[in-house]
Amino acid sequence: MTPIVRSGPAARTGALLILLGPLVSWIAEFITAAAWQDPPYSPLYNWVSHLGLTGPPQTAFGQVANSPLGAVMDTGWVIYGTLLIVGAFLLFDPRKGARPVIIVGLAVLAGGGVSLVGIFQGSDTNVDNGLIAFHTVGAQGVMLAGNIMAIAVGTGGARIGLSRGRSIASTALGTAGLIAFPLFMTDVFTGWMWNIGLFERAVIYPIMIGHALLGSSVAAVQRHRAPHPPARLAARIES
């Protein structure tokens with residue numbers, strides 16, 4: 001099968017950026033959630049996006065929000081989105097057919113979406129001034145595009161450099177995220193709001209794990225494929 005990824009430093013850099021994105025976001029989430037103590041932040045109950053609310057304590061979307069380090073979370077999301085987009089452009093070769101073009105397009109939608117979530121907060125103020133539309137479009141965009149990207153990567157894993165197991169895992173993650181998406185939306189629009197953080201993470205975390213799998217797998221493959229010096233040069237170096 002013809003590979004759909006580049007080779008050399010560009011591919012290695014792209015893979016590492018894609019891996020770094022979710023790691024940065026998870027670290028920012030952990031730090032921000034730990035700082036939210038009044039009342040303590042609950043990852044099952046509280047909205048994920050409420051971690052990015054800055055300013056004084058407020059009530060937004062039916063929950064009391066008090067995130068002293070909201071700017072840390074917002075920054076983490078913007079960095080994640082930027083790294084994903086840049087990494088995808090560096091890693092995938094659009095000259096190799098439709099699949100790499102589709103994957104890069106989905107990465108742009110997902111990366112742009114998570115960046116919008118960080119730039120436009122899910123606050124009541126933004127509900128009143130209309131800017132909540134950017135937050136909503138960004139959140140739903142990354143939820144859909146990110147999980148579809150995981151499926152596209154998994155089903156084309158052999159051409160990317162993923163092992164069979166990781167290809168299946170990526171496909172399964174994207175499928176699970178897409179199944180969780182309507183459940184999450186139902187929980188929101190019915191007003192039930194039961195463990196909204198749990199349902200939201202059931203959609204988001206498969207995307208992040210999928211990016212970590214993609215980045216780490218390709219980085220390892222590219223490292224092993226790195227050109228070695230000629231035998232004569234290697235012998236001179238050893239001597």
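Is the crossing of α5 and α7 left-handed or right-handed? Please show me that helix pair closely, and then what lies around it.

Modeller: Happy to! One thing to keep in mind from the start is that this is a predicted model. The crossing of α5 and α7 is left-handed.

Let's stay with that pair. Helix α5 covers residues 132–155, while α7 runs over 164–189. Two packed helices are described by the angle between their axes and the distance between the axes. Here the axes of α5 and α7 come within 7 Å and cross at roughly 155°. An angle over 145 degrees counts as roughly antiparallel, so α5 and α7 are roughly antiparallel to each other.

Which residues meet where α5 and α7 touch? On the α5 side you will find Q140, M143, L144, N147, I148, A150, I151, V153, G154 and T155. Facing them from α7 are S167, S170, T171, L173, G174, T175, G177, L178, F181, F184 and M185. The residues of this contact divide into 11 nonpolar, 10 polar and no charged.

Two names from that contact, M143 of α5 and F184 of α7, lead us on to a neighbour. E200 touches both M143 and F184, along with W47, V48 and S49, leaving aside residues up to four places away in sequence. E200 belongs to helix α8, which spans 196–225. Is E200 buried or exposed? Its relative accessible area is 6%, and because buried means under 20%, E200 counts as buried. E200 and W47 are 153 residues apart along the chain, yet their C-alpha atoms are separated by 7.4 Å.

Now follow the chain from α7 towards α8. The loop between them holds M193 and also N195. Most residues other than glycine have a negative phi, and most peptide bonds are trans. M193 is not a glycine, but its phi is positive at about 55°. N195, also not a glycine, has a positive phi of about 45°. M193 has a relative accessibility of 22%, so it counts as partly exposed.

Helix α1 takes in residues 9–35, and helix α2 takes in residues 70–91. Their axes lie 8 Å apart and pack at an angle of about 165°. These two helices are therefore roughly antiparallel to each other, and α1 passes α2 in a left-handed crossing. The residues of this contact divide into 19 nonpolar, 8 polar and 1 charged.

G21 sits in helix α1 and, at 1% relative accessibility, counts as buried. Beyond residues up to four places away in sequence, G21 touches Y80 and L83. G21 and T175 are 154 residues apart in sequence, and their C-alpha atoms are 21 Å apart in space.

T32 is also part of helix α1, and with a relative accessibility of 0% it is buried. Where does the side chain of T32 reach? It comes to the backbone oxygen of A28 at 2.6 Å. Apart from residues up to four places away in sequence, T32 touches L51, S67, L69, G70, V72 and M73.

A cis peptide bond joins D38 and P39, with omega about -5°.

Finally, step back to the whole protein chain. It has 9 helices and 2 strands, which follow the pattern α-β-β-α-α-α-α-α-α-α-α along the sequence. Its C-alpha atoms fill a box of roughly 70 × 35 × 30 Å along the principal axes. Of its 239 residues, 44% are buried. Among the contacts with a separation of 6 or more, 71% come from residues 24 or more positions apart.

Terms used: Residues are numbered from 1 along each chain as its sequence is written. This is a predicted model: local features need pLDDT of at least 70, side-chain atom pairs count only at pLDDT 80 or more; totals for chains, interfaces and linings use all residues. Side-chain values use heavy atoms; hydrogens and water are left out. Helices (H or I, at least four residues) and strands (E, at least two) are DSSP runs, numbered from the N terminus. Buried means under 20% relative accessible area, exposed over 50%, partly exposed in between (1.4 Å probe, protein chains only). A polar contact is a pair of N or O atoms within 3.5 Å; within protein, one must be able to donate a hydrogen and the other to accept it, and residues adjacent in sequence count only if both atoms are side-chain atoms. Contact means heavy atoms within 4.5 Å. Axes are lines fitted to C-alpha atoms, for helices over the stretch in contact, and angles run from 0 to 180 degrees between N-to-C directions. Angles under 35 degrees count as roughly parallel, over 145 as roughly antiparallel, 65 to 115 as roughly perpendicular and the rest as oblique. A crossing is left-handed if the near helix is turned anticlockwise from the far one by less than a right angle, and right-handed if clockwise. Ala, Val, Leu, Ile, Met, Phe, Trp, Tyr, Cys and Pro count as nonpolar, Asp, Glu, Lys and Arg as charged, and the others, Gly among them, as polar.
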